[in-house]
Structures are given as structure tokens and as C-alpha cells.
Amino acid sequence: MGRAAEILGVTPGFLRGLDAAKLFVPQRSAGGHRRYSRYQLRLAQRARDLVDQGTALEAACRIIILEDQLAEAMRINTQLRQRIDTGADQAPDRD
């Protein structure tokens with residue numbers, strides 16, 4: 001956790017706050033130390049940016065979760081549209 005906090009320029013308490021707010025759940029080493037993925041570090045950096053702009057930590061976490069859900073929904077929507085477009089191109093003509 002200390003190294004992750006150092007990389008992000010935050011305190012370990014900030015990272016614990018992200019964990020408590022359920023933004024993400026870090027993996028644990030055999031010794032019980034928190035281990036963060038690159039994706040989790042990007043989320044933590046986004047949270048830090050929002051907090052630095054004056055957003056409360058809980059609100060920042062909720063914003064990030066909603067942004068992530070929206071991005072996933074848009075990705076699924078794009079895939080479904082591609083399937084529909086491909087299916088329409090392959091549909092037999094009915095006269």
C-alpha cells in the first residue's frame with residue numbers, strides 16, 4: 001500500500017478510504033498486504049483528481065463507478081448494434 005500511495009501522491013489512508021467506499025477491493029498478499037492492479041491505480045488516480053477538484057471522496061467514488069457502468073453499457077450497445085447490422089446484411093430477401 002505504501003508504494004501505491006507514493007506512486008499516486010496520496011496517503012495510505014486515502015487508499016483505505018477508496019477500499020471502504022467500495023470503489024475496488026485490492027488483492028491481498030500472503031502476509032495480508034494490499035496489492036493493487038494497474039486498473040485499480042488508474043481508478044485511484046481518477047478519484048484523487050476528483051477530490052483535488054473539491055468532490056467529496058464518497059461522491060468521487062460513486063461518479064467513477066457510474067462512469068465505469070456507462071462505459072460498459074456503451075460497449076455492450078455497440079456490440080449489439082454490430083450484431084444487428086451484420087444480421088440485417090445476411091438476412092435473405094423475402095418477396
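Gln40 is in contact (heavy atoms within 4.5 Å) with Phe24, Val25, Pro26 and Arg35, leaving out residues up to four places away in sequence. This residue is found in helix H3, residues 38-52; helices (H or I, at least four residues) and strands (E, at least two) are DSSP runs, numbered from the N terminus. Gln40 is buried, with a relative accessible area of 11%; buried means under 20% relative accessible area, exposed over 50%, and partly exposed in between, with a 1.4 Å probe and protein chains only.

The model is predicted, so that local features need pLDDT of at least 70 and side-chain atom pairs count only at pLDDT 80 or more, while totals for chains, interfaces and linings use all residues. Residues are numbered from 1 along each chain as its sequence is written, and side-chain values use heavy atoms, with hydrogens and water left out.

**Overall architecture**

- The protein contains four helices and two strands, and its elements run α-α-β-β-α-α from the N terminus on.
- Its radius of gyration is 20 Å, well over the 12 Å that the globule rule gives for 95 residues, so the protein is more spread out than a compact globule. The radius is taken over C-alpha atoms, and the rule is 2.2 Å times the number of residues to the power 0.38.
- Along the principal axes, the C-alpha atoms fill a box of roughly 70 × 35 × 20 Å.
- Among contacts between residues at least 6 apart in sequence, 41% join residues at least 24 apart.

**Surface and charge**

- Buried residues account for 25% of the 95 residues.
- The accessible surface comes to about 7,000 Å², with 51% of it belonging to carbon and sulfur atoms; areas come from the Shrake-Rupley method with a 1.4 Å probe, and for residues only the protein chains shown count as cover.
- There are 15 positive and 12 negative side chains, and the centres of the two sets lie 11 Å apart. Lys and Arg count as positive and Asp and Glu as negative, without His and the chain ends; each charge is placed at NZ of Lys, CZ of Arg, CG of Asp or CD of Glu.

**Nonpolar core**

- The largest nonpolar core has 20 residues, and those with the most contacts inside it are Leu15, Leu18, Leu23, Phe24 and Tyr36. Such a core is a set of buried Ala, Val, Leu, Ile, Met, Phe, Trp, Tyr and Cys residues joined through side-chain atoms within 4.5 Å.
- Helix H1 (2-8), helix H2 (12-20), H3 and helix H4 (57-90) each give two or more residues to this core, and H3 supplies the largest share, five residues.
- Leu18 touches Leu23, Phe24, Ala44, Ala47, Leu57 and Cys61, not counting residues up to four places away in sequence.
- Within H2, the residues Phe14, Leu15, Gly17, Leu18 and Asp19 are buried.

**Loop residue Lys22**

- Lys22 lies in the loop between H2 and strand E1 (27-28), and at 64% relative accessibility it counts as exposed.
- Its phi is positive, about 65°, although Lys22 is not a glycine. Most residues other than glycine have a negative phi.

**Further helix positions**

- Arg48, also found in helix H3, is partly exposed at 26% relative accessibility.
- Beyond its neighbours within four places in sequence, Arg48 is in contact with Leu8, Gly9, Val10 and Phe14.
- The C-alpha atoms of Arg48 and Thr86, 38 residues apart along the chain, are separated by 42 Å.
- Leu66 is in helix H4 and is partly exposed, with a relative accessible area of 39%. Its C-alpha atom is 15 Å from that of Gln40, 26 residues apart along the chain.
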